[in-house]
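Subject: Structure handover

Hello,

Here is the structure I promised to pass on. Please open it first, then read my notes below.

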Amino acid sequence: MSILVSAIGQGLLWATLGIGLFLTFRILDFPDMTVEGTFPLGAAVTVTLIANGMNPALASLTAALAGALAGLVTGLIYTKGKVPILLAGILTMTAIYSINLRVMGQANRSLLGKETLFTAPFLDFLPKSFPTVMVGLLIIIAVTGATAAFLQTELGQAFIVTGDNRAMARSLGVNTDNMTIMGLMVSNALIGLGGALVAQNNGFADVNMGIGVIVVALASIIIGEVIFTDQMSLTDRLITVAIGSVLYRFVLVIVLYLGFNANDLNLFSAVVLGLALILPQLRKHFKLGSVLRKGVASHD
């Protein structure tokens with residue numbers, strides 16, 4: 001039970017990362033590699049600030065701001081420098097590695113003995129692992145609600161149109177470059193916040209903790225979409241990202257329960273994501289085969 005509760009809590013924390021990537025991957029329609037630098041950046045900023053006496057909540061917000069700045073850099077390289085988005089993200093991600101080392105002053109830093117969001121006094125009455133679930137639930141509700149509300153505004157609709165059809169957006173007077181930069185900033189702010197939350201929950205930050213996080217975020221998005229139907233509102237799709245993140249954690253728990261080595265988790269993450277990406281195509285294939293068989297039977 002403790003392991004399952006912990007998996008739910010971890011899934012809720014990582015869901016923030018999934019929602020952040022959803023904005024670029026699904027709405028702007030490109031994968032942003034900046035996330036592999038922004039995630040540890042959020043962790044490094046938060047751990048360093050908390051270790052120096054800052055309030056954990058304020059430190060987490062500062063981490064989100066640092067993530068937004070990273071997104072701004074990628075956005076400027078992409079829109080003004082005309083560098084392909086993948087390369088722009090990789091350039092920013094590479095630069096952030098050195099920044100993280102400077103922020104922490106070393107490769108990793110601990111929060112041992114420091115107050116975090118998960119040691120707040122109002123959580124003392126909860127059993128072990130439940131503070132993670134409580135904090136994760138409160139934050140993901142706030143993040144999902146705020147993101148959904150933003151996307152329903154006039155600015156949010158302009159952002160969505162930019163991802164759907166840039167030429168049409170420009171014909172409507174939308175500055176697509178500004179929308180792209182804004183999307184990258186909001187996305188990476190959420191990812192920086194995710195890094196801050198995971199670092200506080202784990203009790204440390206490490207410069208290498210961003211390796212493979214884009215796969216984790218994509219798995220959250222794809223698993224949620226595969227399990228639920230395509231006929232969903234945008235708000236529903238944001239909710240499925242959180243559910244997909246939790247389900248993904250359950251998959252990892254099952255993998256460890258079956259006795260596989262923890263060092264193979266990235267391998268299993270890639271396999272799970274690959275299967276989730278292939279499954280919709282298999283569904284279409286089987287549906288098409290079923291329709292053809294019915295057609296042949298009807299003709300006979």
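Start with helix α6. Its buried residues pack against α1, α5 (130-151), α7 (166-171), α8 (176-202) and α10. Contact here means heavy atoms within 4.5 Å. Helices (H or I, at least four residues) and strands (E, at least two) are DSSP runs, numbered from the N terminus. Helix α6 spans residues 154-164, and its buried residues are G156, A158, F159, I160, V161, T162 and G163. Buried means under 20% relative accessible area, exposed means over 50%, and partly exposed lies in between (1.4 Å probe, protein chains only).

Two notes on the source. This is a predicted model, where local features need pLDDT of at least 70, side-chain atom pairs count only at pLDDT 80 or more, and totals for chains, interfaces and linings use all residues. Residues are numbered from 1 along each chain as its sequence is written, and side-chain values use heavy atoms, with hydrogens and water left out.

The core

The largest nonpolar core has 76 residues. Such a core is a set of buried Ala, Val, Leu, Ile, Met, Phe, Trp, Tyr and Cys residues joined through side-chain atoms within 4.5 Å. L21, F39 and F159 touch the most other members. Helix α1 (residues 2-27) gives the largest share of this core, twelve residues. A second, separate core has seven residues, including V45, A63, A66 and A196.

What does F39 contact, leaving aside its neighbours within four places in sequence? The list is W14, L17, I191, G194, G195, V198, M209, G210 and V213.

Helix pairs

Two packed helices are described by the angle between their axes and the distance between the axes. Axes are lines fitted to C-alpha atoms, for helices over the stretch in contact, and angles run from 0 to 180 degrees between N-to-C directions. Angles under 35 degrees count as roughly parallel, over 145 as roughly antiparallel, 65 to 115 as roughly perpendicular and the rest as oblique.

Take α1 and α5 first. They pack at an angle of about 20°, with their axes 7 Å apart. That makes α1 roughly parallel to α5. The crossing is left-handed. By definition, a crossing is left-handed if the near helix is turned anticlockwise from the far one by less than a right angle, and right-handed if clockwise. Residues making the contact include V5, I8 and G9 of α1 and F130, T132 and V133 of α5. By class, the contact of α1 with α5 has 15 nonpolar, seven polar and no charged residues. Ala, Val, Leu, Ile, Met, Phe, Trp, Tyr, Cys and Pro count as nonpolar, Asp, Glu, Lys and Arg as charged, and the others, Gly among them, as polar.

Next, α5 and α8. Their axes are 12 Å apart and the angle is about 175°. The two are thus roughly antiparallel. T132, I139, V143, T147 and F150 of α5 meet M182, L190, L193, L197 and N201 of α8. The classes are seven nonpolar, three polar and no charged.

Last, α9 (residues 213-227) and α10 (residues 234-257). Their axes come within 7 Å and cross at roughly 110°. α9 and α10 are therefore roughly perpendicular to each other. This crossing is right-handed. Among the residues in contact are V216, A219 and E225 of α9, with R237, T240 and R249 of α10. Here the classes are eight nonpolar, five polar and three charged.

Loops

Most residues other than glycine have a negative phi. D29 has a positive phi of about 65° although it is not a glycine. D29 sits in the loop between α1 and α2 (35-51). D29 is exposed, at 59% relative accessibility. K82 has a positive phi of about 60°, and it is not a glycine either. Its loop lies between α3 (56-79) and α4 (85-104). K82 is exposed, at 64%.

E115 is in the loop between β1 (108-110) and α5. E115 is exposed, with a relative accessible area of 52%. Leaving aside neighbours within four places in sequence, E115 is in contact with I50 and P56.

A107 is in the loop between α4 and β1. A107 counts as partly exposed, at 37% relative accessibility. Not counting residues up to four places away in sequence, A107 touches L101, A205, D206 and V207.

Best wishes
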